[in-house]
Amino acid sequence: MGEQSDRSALLDWEEVADVEEPSLTTEVNENSPRATTVSSRALGSTVPGTGWSSSPKEAVSSELTSLYAGVLTEKAVSSWVWQNECDQQKGRQYVTKRNRDVEWRRQQDQVLAVFVVTFDTRSGNMLEWCLPQDLNLDGVEFKSMASGSHRIANDFVYFRKDSYFGLACFANLPVESELERGVRMKSVGILSPSYTTLYHHMAFLENQVRDQLRCPGQYSALESFFDQKKGLLPARTARNNVAALSTPKHFMTPEMKVTHPDGCMSQFVQFFGEQIMVLWKFSLLRRRILIFSPPPVGEVCYRVYSCCALANVPLPGVSRRLPPFCPFFYVNVNDIHTLETELSYVACTTERIFEEKKHLFDIYVDNQNVQTHRESLQPLLRITSSDREKYKKLQEKRKRLVRHSSYTEEELFTLFFSELNTKIFQTLLEVASSVDRALTKEHVRRMGLDPQADHKFLVYILETYGIDVMLMIDTSCCF
């Protein structure tokens, strides 16, 4: 289905329960065979290139060694499995957990719909073809072909349709046709329950939109693709039920796994520089954030996701009272009614008219310019000394990464903010569970914040997350 695209995929939080994989390097008692590390030679491999010659004479020696090692290994494994009931239970838990994860990923990678959108010179954006035909796809013709796309050769766009997520690849082709006014424009896209797996199909969609431009009306490859990938529509028991499938369950012990090549978070940090600390604060406060940019919009969709990643708090129950902080990705004027009802979101648009509709957002980002029309949030636009210190630490860690490659750049950025958030909320929860519930300057400094400059931010954190503490900091000289 074409080569793997080099475009970044989205970060995928893989929730992992607190269960360790059982190890065969377990101690055995005196009556059991002594467990040792066994190489391919000791296991009697007869495959050329794995340590043993394939000659008949050495093959006999190999078989004898294999037989002895097999008995030894069988006894050691039997001792490990049957003598330790705890390990046996842990092993079952691990296998169950692994099977559950595989099934979860399979469900998330299902395709709920595939479609082709075209631009008609008389009617505008139109849904040309889709499967299944009974699914409501109203609006995808505008979501999958961003406003202003006619000025660029190709693009890709992430979007949200009801409780599902979509990815579409756009391209235009110059043609000698007066009816099409010299250019043919199409998008080919899909819908899925989760946005974190959409990138798996990026290369296929890119190839298909090129094929649709060259040979319009040929849908056999798309039909075969849908037959292989189609899944049942998830039951909707709540408004954001499906969206929550792709949101980390913070009450579990998370293992954050980056499933994309370098580029997404690192480019995000490089693009905004120190301003990323301002975006971090607004993201952690779950404000409505709208990012404006002219086409192409694909890379801007990654900025939307990165903003959401800044707000990850991997602690039990911290965010349970809050609405899901879910990326809307690309939005247009047809989404205005939906955005009016949202309490918290991050989205991007190519339509400048949104700047005038201030009731739709709290934070407006134009290029690297982060701004707010809300007077109460103005103090949070200032970059404090503690912000610069944290940003400096982030850059230092990035430089050390060049010398020590135990982490990728994406993992480093994501873990940096996750640990930063954990430090803040661990301290707040400890104080909230103490007898006097007094939050002092020492506590605030321990969180990596400035007691004076970050006072307003801290107050909003307590209000947003409903944490009951007594803030024992005098700011009368500064505010």
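So, how many cavities of 30 Å³ or more does a search of the whole structure find? Two. A cavity here is a set of points on a 1 Å grid over the protein atoms alone where a 1.4 Å probe fits but cannot get out.

Quick housekeeping: this is a predicted model, where local features need pLDDT of at least 70, side-chain atom pairs count only at pLDDT 80 or more, and totals for chains, interfaces and linings use all residues. Residues are numbered from 1 along each chain as its sequence is written, and side-chain values use heavy atoms, with hydrogens and water left out.

Back to the largest cavity: it holds about 50 Å³ of space, the volume being what probe spheres set on the points fill. Its lining residues (an atom within 4 Å of a point) include Lys-281, Arg-382, Asp-454, Lys-456 and Phe-457.

Eight of its 11 residues are buried, so helix 14 is largely enclosed by the rest of the structure. Buried means under 20% relative accessible area with a 1.4 Å probe, protein chains only. Phe-457 is on that buried list too, along with His-455 and Tyr-465, among others. Among the elements covering those buried residues are helix 8 (275-284), helix 12 (409-432) and strand 14 (470-471). Just after helix 14, Gly-466 takes a positive phi of about 65°.

Last stop, helix 4, residues 202-214. Its buried residues include Met-202, Phe-204, Glu-206 and Leu-213.

Key: 1 Å grid on protein atoms, 1.4 Å probe; cavity = no way out; pocket = protein on both sides within 12 Å on 5 of 7 lines; lining within 4 Å. Buried < 20%, exposed > 50% of the residue type's maximum accessible area, 1.4 Å probe, protein only. Helix = DSSP H or I, 4+ residues; strand = E, 2+ residues; numbered from the N terminus. Contact = heavy atoms within 4.5 Å. Expected span 1.5 Å × (residues − 1).
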